[in-house]
Amino acid sequence: MFELQPLVRKNIWKLEPYSCARDEFKGVSASAYLDANENPFNNNINRYPDPLQEKVKEMLSPIKGVPVSNIFLGNGSDEAIDLVYRIFCQPGVDNVVAIEPTYGMYKVCADINDVFYRKVVLDDDFQITAEKLLEACDKRTKVIWLCSPNNPTGNDINREEMVKLLVKFQGIVVVDEAYSEFSNQKPLRLDLNQYPNLIVLNTMSKAWAGAAIRLGMAFASTDIIGLFNKVKYPYNVNKLSQEKALELLRNQSGYRQHLVMVLEEREKLMSAFNSLPICEKIYPTAANFFLVRVTDANAIYRYLVEQGIIVRNRSRVTLCENCLRITIGTKAENNALLSALIKYKP
């Protein structure tokens, strides 16, 4: 039987959250707001934003298939990542386990919060087993971090192994599904009610083309969402971001059109890369990017920068020696990349 309270830092469990002005009245139609020491002159940004972003959550709920009460919104997914450490991990005492390679912010936030970060290296197919991750855990392991599709490798992590982990591990399992819209694998957020120890991350930055508004999501049990809301800063998502998110979410036809275009361009670009002399191996992907091993990643990266084309050199990352990570761009951007690489001479 999973128990949440023993996993939570004692001071967090007992924490009395800050009560902001907009939390103290609900369901009242007001004509005069004299409670929050705001400037009274309306310019559309003189009032504090909704601290719980209810309108955005109501629109997200049917799109993501998750009830409003199971949604947390933050200043990018990075806020949710940091909150996991602040809620569950005692600095200098607890540890977390994560796959390697993966998104770098899991370790950065661990270091900031003084939490020991244990890496479990993926196999040659960029996969992991539940058993191998569990072997890296001890009684002070509070969280296991997964990313699927993974970054920078691009592949889906085996869903059966992630489910085994959720069943066997008595701590928190975080699955970052930032790129799930580009994948055919069933998202774990749709099975949220089966796993009380599951936190799923998502974002407006990728498929929804909203990187600039910094809106991240966490999906979890109502108890865990309650802890997120208790610890977060009162007005963590500004009004302009909330308004822009609503605008993006209303344009579902545009979202679907762009998603199809990215997936089509992904297949074309990967196919074209196969015929380039610099290409040694293209790894399977379920994201809006792919990882490719090339003849000389450092030299090719520098050459592309000189051409005004920026890709990501991942050569220093575990298992990614001589690899470039290529984000799928517009047709024109992808053609410019191919044209430059065709002309490349070592």
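Lys281 has Arg293 of strand 9 as its bridge partner. This pairing belongs to a predicted model. Strand 8 spans residues 279-282 and runs antiparallel to strand 9, with three bridges between them. A hairpin of six residues connects strand 8 to strand 9. Arg293 also has a bridge partner in strand 11, namely Cys323. Strand 11 covers residues 323-327 and pairs with strand 9 through five bridges, again in the antiparallel sense. Strand 9 covers residues 289-294, and five of its six residues are buried, so the strand is largely enclosed by the rest of the structure.

Seven strands take part, in the order 1-7-6-5-4-2-3, and their pairing is mixed. Strand 1 (71-75) and strand 3 (116-121) are the edge strands, each pairing on one side only. On average, neighbouring strands of this sheet are turned by 25° against each other, direction ignored. Strands of a sheet pair through backbone hydrogen bonds, in either a parallel or an antiparallel manner. Strand 6 (residues 198-203) and strand 7 (residues 215-219) run antiparallel and are joined by four bridges. Within this pair, Asn202 has Met217 of strand 7 as its bridge partner. Helix 4 (residues 105-112) packs on the sheet. Helix 4 touches strand 3, strand 4 (141-147) and strand 5 (172-176). The direction of helix 4 makes about 155° with that of strand 3.

Among the buried residues of helix 3 are Ala80, Ile81, Leu83, Val84, Ile87 and Phe88. The buried set also includes Glu79 and Asp82. Gly76, Ser77 and Tyr85 are buried as well.

Empty space inside the model was also examined. Rolling a probe the size of a water molecule over the atoms shows where empty space is left. One cavity of 30 Å³ or more is present in the structure. The largest cavity holds about 70 Å³ of space. Its lining includes Ser148, Pro149, Asp156, Met162, Val175 and Glu177. Ser180, Ser183, Gln185, Lys186, Pro187 and Leu188 also line the largest cavity. By residue type, the lining of the largest cavity divides into five nonpolar, four polar and three charged residues.

Key:
Residues are numbered from 1 along each chain as its sequence is written. This is a predicted model: local features need pLDDT of at least 70, side-chain atom pairs count only at pLDDT 80 or more; totals for chains, interfaces and linings use all residues. Side-chain values use heavy atoms; hydrogens and water are left out. Buried means under 20% relative accessible area, exposed over 50%, partly exposed in between (1.4 Å probe, protein chains only). Helices (H or I, at least four residues) and strands (E, at least two) are DSSP runs, numbered from the N terminus. Two strands pair if DSSP finds at least two bridges between them. Axes are lines fitted to C-alpha atoms, for helices over the stretch in contact, and angles run from 0 to 180 degrees between N-to-C directions. Contact means heavy atoms within 4.5 Å. On a 1 Å grid over the protein atoms alone, a cavity is a set of points where a 1.4 Å probe fits but cannot get out, and a pocket is an open set with protein on both sides within 12 Å along at least five of seven lines; lining residues have an atom within 4 Å of a point. Grid points are joined across faces, edges and corners, and a volume is the space filled by probe spheres set on the points. Ala, Val, Leu, Ile, Met, Phe, Trp, Tyr, Cys and Pro count as nonpolar, Asp, Glu, Lys and Arg as charged, and the others, Gly among them, as polar.
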